[in-house]
Each structure stands twice: as structure tokens, then as C-alpha cells.
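Please look through the sequence and the model shown here before reading on.

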Amino acid sequence: MPRLVRTLAAALLAVAAIASAEARPSRLSMFPGTVAVTDGTVIPPGSILRVNLHDLSPGIAKDAAVAKQTYDIEGKTPIRFELPYNGSLIEPSRLYGIAAVITDSRGRALWETRVPIRVLTLGNQDKVDLVLRPVEQPKAPPEPTSLALDCDGLRFHVDLSPTSATVVLPDAKVVLPKTEAAAGKRYSDGTTTLALSGSAAYFQTSRKAYRNCKVDPEPGAKPKR
């Protein structure tokens with residue numbers, strides 16, 4: 001075989017070996033840990049544990065993750081996990097932390113770590129026991145206690161209490177006891193009826209039924225005279 005051919009063949013083999021080595025995935029390390037919840041609640045079926053390994057060094061985006069993994073979980077805690085990560089990405093001089101959140105099947109956060117736990121480098125631990133606290137759910141806005149209704153031109157004021165609705169009409173005032181309703185709220189004394197559902201309402205007197213009422217939940221709204 002001519003020398004030039006042998007040289008080209010050797011070069012091609014070297015290139016192929018390098019390409020093959022680069023194509024092989026790096027061996028992943030496993031970071032072990034457990035998660036528990038402070039309120040002792042049994043994790044419901046369909047829940048998802050999301051564990052992230054963050055670079056906490058200055059200048060790094062807060063939500064940037066070096067590694068992340070999700071797990072289907074349920075039952076009593078603590079629950080064990082192993083987070084796969086690429087050890088070649090870990091730099092001894094940088095600061096890393098583990099954070100986790102448990103969500104329901106729709107992605108709504110139920111428990112979370114308030115701050116990441118420092119791990120791996122700078123003398124920090126190589127395993128972790130995470131304690132997750134309940135996520136504070138947004139409070140529903142308070143229900144209005146004072147409404148203004150416009151029913152086909154008849155505008156009047158309503159004060160609501162847990163047991164009744166006081167309807168202040170232009171020429172009269174009537175107190176309607178709260179009754180059972182399949183949806184929304186219903187108040188009736190047998191003659192006069194008020195039904196509320198979101199921004200819509202139905203109002204009926206002994207003389208007329210108003211089916212296209214609009215609700216204006218403004219506190220302190222007064223009847224238009």
C-alpha cells in the first residue's frame with residue numbers, strides 16, 4: 001500500500017475514533033436525596049416531584065438549572081430520589097443548590113423548598129434531605145356584600161348577608177331569605193325572588209319577571225331614583 005494511502009487511512013481512522021468518542025454520552029453521576037413535607041400530609045396520587053440542581057454562583061440566572069428531573073410520586077413521605085447530573089459540568093469553585101417542588105397533575109404547586117440547599121462543592125453535602133413546606137395558595141377575593149342591579153331599566157340596590165338579601169327598590173324594601181340553589185345564590189320569600197350567578201341575575205316580583213339583569217358589585221352602590 002503506498003505511503004500516501006496508508007497516511008490517509010490512518011487519518012480517517014483517527015477522525016472516526018474522535019467522532020465516536022464525542023458521540024458517546026458522558027457518564028452521569030447520581031445525586032441521592034429524600035423529600036418530606038412539614039405538614040405530614042399523604043401525597044395524593046397523580047402528584048409530580050420536580051427536582052432541580054441550580055448554579056447559585058453570582059451572575060447566573062435564578063431559574064437556570066444544571067440538572068432537573070421529574071418523578072411520579074404518592075403516599076407517605078419521606079420519598080427517596082436520585083437526580084442524574086453531568087459531573088463534568090460541576091466546577092469546584094462554583095456554588096450549587098438543590099430545590100424541589102411537588103405539584104398536582106395539573107401543575108399547581110402544593111409543596112416547595114423555600115430556598116435551595118447547598119450541595120456538592122465548597123465543602124457542602126453530597127446528599128440531601130429536603131423538607132418541603134405547603135405553598136401559600138392565593139386567597140379568593142371576598143364576595144361582594146353590596147350590589148347594584150339593572151333589570152331592563154329597573155335599577156336597585158341589594159345588601160347581602162349570609163342568610164338573606166335586602167332588596168332596596170325605588171318604592172319599597174324587601175328582605176328575602178336565602179334558599180337552596182343548584183348553582184349560584186337564590187333568595188326568595190315565595191312572592192319575590194332574586195337569583196345571582198356571577199355577573200348575571202334574575203329578579204321576579206308578583207307583577208313581573210326580569211330575566212336580563214346585570215350585576216354591578218360595587219360596594220355602597222345606591223338605588224337610582
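## About the model

This is a predicted model, in which local features need pLDDT of at least 70 and side-chain atom pairs count only at pLDDT 80 or more, while totals for chains, interfaces and linings use all residues. Residues are numbered from 1 along each chain as its sequence is written, and side-chain values use heavy atoms, with hydrogens and water left out.

## Strands and the barrel

Strands of a sheet pair through backbone hydrogen bonds, either parallel or antiparallel. Strands here are DSSP runs (E, at least two residues), numbered from the N terminus, and two of them pair if DSSP finds at least two bridges between them. Strand β5 (residues 96–103) runs antiparallel to strand β6 (residues 109–112), to which three bridges join it, and T103 stands opposite A109 in β6. The two strands form a hairpin with five residues between them, and in its turn G107 has a positive phi of about 90°. Strand β6 also pairs with strand β8 (residues 128–134), in the antiparallel sense and over two bridges, with E112 opposite R133 in β8.

Elsewhere, eight strands close into a barrel with antiparallel pairing, in the order β9-β10-β11-β12-β13-β14-β15-β16.

## Two nonpolar cores

A nonpolar core is a set of buried Ala, Val, Leu, Ile, Met, Phe, Trp, Tyr and Cys residues joined through side-chain atoms within 4.5 Å; buried means under 20% relative accessible area, exposed over 50%, and partly exposed in between (1.4 Å probe, protein chains only). The largest core has 25 residues, of which L49, L53, F81 and I98 touch the most other members. Strands β1 (29–37), β2 (43–55), β3 (65–75), β4 (79–85), β5, β6 and β8 each supply at least two residues of this core. A second, separate core of 19 residues includes L160, V174, L176 and L194.

## A buried aspartate

D55 lies in strand β2 and is buried, with a relative accessible area of 13%. Its side chain joins that of S57 through a polar contact of 2.8 Å, and a polar contact of 2.8 Å also joins the side chains of D55 and R94. A polar contact is a pair of N or O atoms within 3.5 Å; within protein, one must be able to donate a hydrogen and the other to accept it, and residues adjacent in sequence count only if both atoms are side-chain atoms. Leaving aside neighbours within four places in sequence, D55 is in contact (heavy atoms within 4.5 Å) with residues including I60, A64 and V66.

## Salt bridges

A search of the whole structure finds four salt bridges, each a side-chain nitrogen of Lys or Arg within 4 Å of a carboxyl oxygen of Asp or Glu. D104, which counts as buried at 11% relative accessibility, forms a salt bridge with R108, the closest N and O atoms being 3.2 Å apart. The side chain of D104 also meets that of R106 in a salt bridge (3.6 Å, N to O), and R106 counts as exposed at 70% relative accessibility.

The side chains of R155 and D216 meet in a further salt bridge (3.8 Å, N to O). This pair links distant parts of the chain, with R155 in strand β10 (residues 154–160) and D216 in strand β16 (residues 209–216), 61 residues apart.

Terms used. Helix = DSSP H or I, 4+ residues; strand = E, 2+ residues; numbered from the N terminus.
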